[in-house]
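Open the model in your viewer and keep the selection panel handy.

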Amino acid sequence: MPTAPVIEVTDLRKSYAGRPAVDGVSFTVEEGEIFGILGPNGAGKTTTVECVEGLREPDSGRVRVTGLDPVADHERVARVLGAQLQESRLQPKLTVREALELYAAFYPAPADWRPLAERLRLEEKLSTRFAKLSGGQKQRLFIALALIGDPRVVVLDELTTGLDPRARRDTWQLIEDVRARGVTVLLVTHFMEEAQRLCDRIAVIDRGRVAALDTPAGLIRRSAGATVISFTPSGPLDDRELNDLPALVALDRKDGRITLSGTDDTVSAVLSLLARHHITAHQLRVTDATLDDAFLDLTEASA
Ligand SMILES: Nc1ncnc2c1ncn2[C@@H]1O[C@H](COP(=O)(O)OP(=O)(O)OP(=O)(O)O)[C@@H](O)[C@H]1O
């Protein structure tokens, strides 16, 4: 029997002062999945996850977390869902140890905070007051507090913003370990590398709507111009002939270098074209488009 999704969002709508921030968003997240929400500033990502956390009440639509309504069943949802705190929610004078102990006490069966603190490299800061922590240390404490209730679902908004590259990689590893234990992760991120590395599926949200929903590889494949070829030709090449290449999406010339994006067919055709004209392609590079390219393509397409 298929299990019910851990998170269900159906036609979610939320306006602020009559202006829609979330305008009909739907997605489901399955047990053990890392689901990413990606989108430009102001797209409605935080509003969406706040409705999932029960911090905001939707104007309309349906949100369920493990089958429960996060607003009506707030307490029961809070027991299964770990959320990354907003900075203003923590007392500046609280030490790291006190914060961990306090938040552990909220849950019936909390995780042991010591290995969590060690994992997040907070063990040397246990006696430091929250206000004295660096931005990255605060961020790591918020991640620890999100995980301390040993939740079934964890919602992380801007997980690694403000972390240095090493702390970012450690955090990714931690999230992968958390998922390996069967925890479902809803992750809002601006970092393509993070989304590509961690997420099983991603909803690209733009202007309050889902512009695309797929695996990272699927998003890249479906973006036009999934293959990019660039070279410096040894002789002149006519733009008209280049523009006639099959499946060509973009053509760019800069400092004698030509960059084309399209598909594998575009690449084969340009190589034949060069051969026909006896032109050599210097510094030839063929690369797959990245999630960055797909993101720009998808969000520009809906602009
Ligand atoms: N409390 C609020 N009152 C009024 N407008 C708000 C409020 N919160 C968000 N908005 C507006 O709603 C829209 C969506 O905001 P939201 O924070 O959900 O976007 P976001 O995708 O998380 O953005 P960012 O990437 O910049 O964090 C924005 O236009 C924002 O200005």
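Which residues are around the ligand? Keep in mind as you look that this is a predicted model. Select Tyr16, Ala21, Gly39, Asn41, Gly42, Ala43, Gly44, Lys45, Thr46 and Thr47, and you have the residues around the ligand on screen. Now colour this shell by residue class: three of its residues are nonpolar, six are polar and one is charged.

**Next stop: a pair of helices**

Select helix H3 (residues 96-105) together with helix H5 (residues 135-147). Their axes are 9 Å apart, and the helices pack at an angle of about 20°. Because angles under 35 degrees count as roughly parallel, H3 is roughly parallel to H5. Turn the view to look at how the two cross: the crossing of H3 and H5 is right-handed.

Which residues make the contact? Show side chains for Val96, Ala99, Leu100 and Tyr103 on H3, then for Leu141, Ala144 and Leu145 on H5. Colour these by class as well: the contact of H3 with H5 has seven nonpolar residues, no polar ones and no charged ones.

**Last stop: the two domains**

Where they touch, ten residues of domain 1 are in contact with seven residues of domain 2. On the domain 1 side, select helix H7 (192-198), strand E8 (201-206) and strand E9 (209-214), each of which supplies at least two of the residues touching domain 2. That side of domain 1 divides into seven nonpolar residues, one polar and two charged.

Definitions and conventions: Residues are numbered from 1 along each chain as its sequence is written. This is a predicted model: local features need pLDDT of at least 70, side-chain atom pairs count only at pLDDT 80 or more; totals for chains, interfaces and linings use all residues. Axes are lines fitted to C-alpha atoms, for helices over the stretch in contact, and angles run from 0 to 180 degrees between N-to-C directions. Helices (H or I, at least four residues) and strands (E, at least two) are DSSP runs, numbered from the N terminus. Angles under 35 degrees count as roughly parallel, over 145 as roughly antiparallel, 65 to 115 as roughly perpendicular and the rest as oblique. A crossing is left-handed if the near helix is turned anticlockwise from the far one by less than a right angle, and right-handed if clockwise. Ala, Val, Leu, Ile, Met, Phe, Trp, Tyr, Cys and Pro count as nonpolar, Asp, Glu, Lys and Arg as charged, and the others, Gly among them, as polar. A residue is near a molecule or strand if its C-beta atom, placed from the backbone, lies within 6 Å of it.
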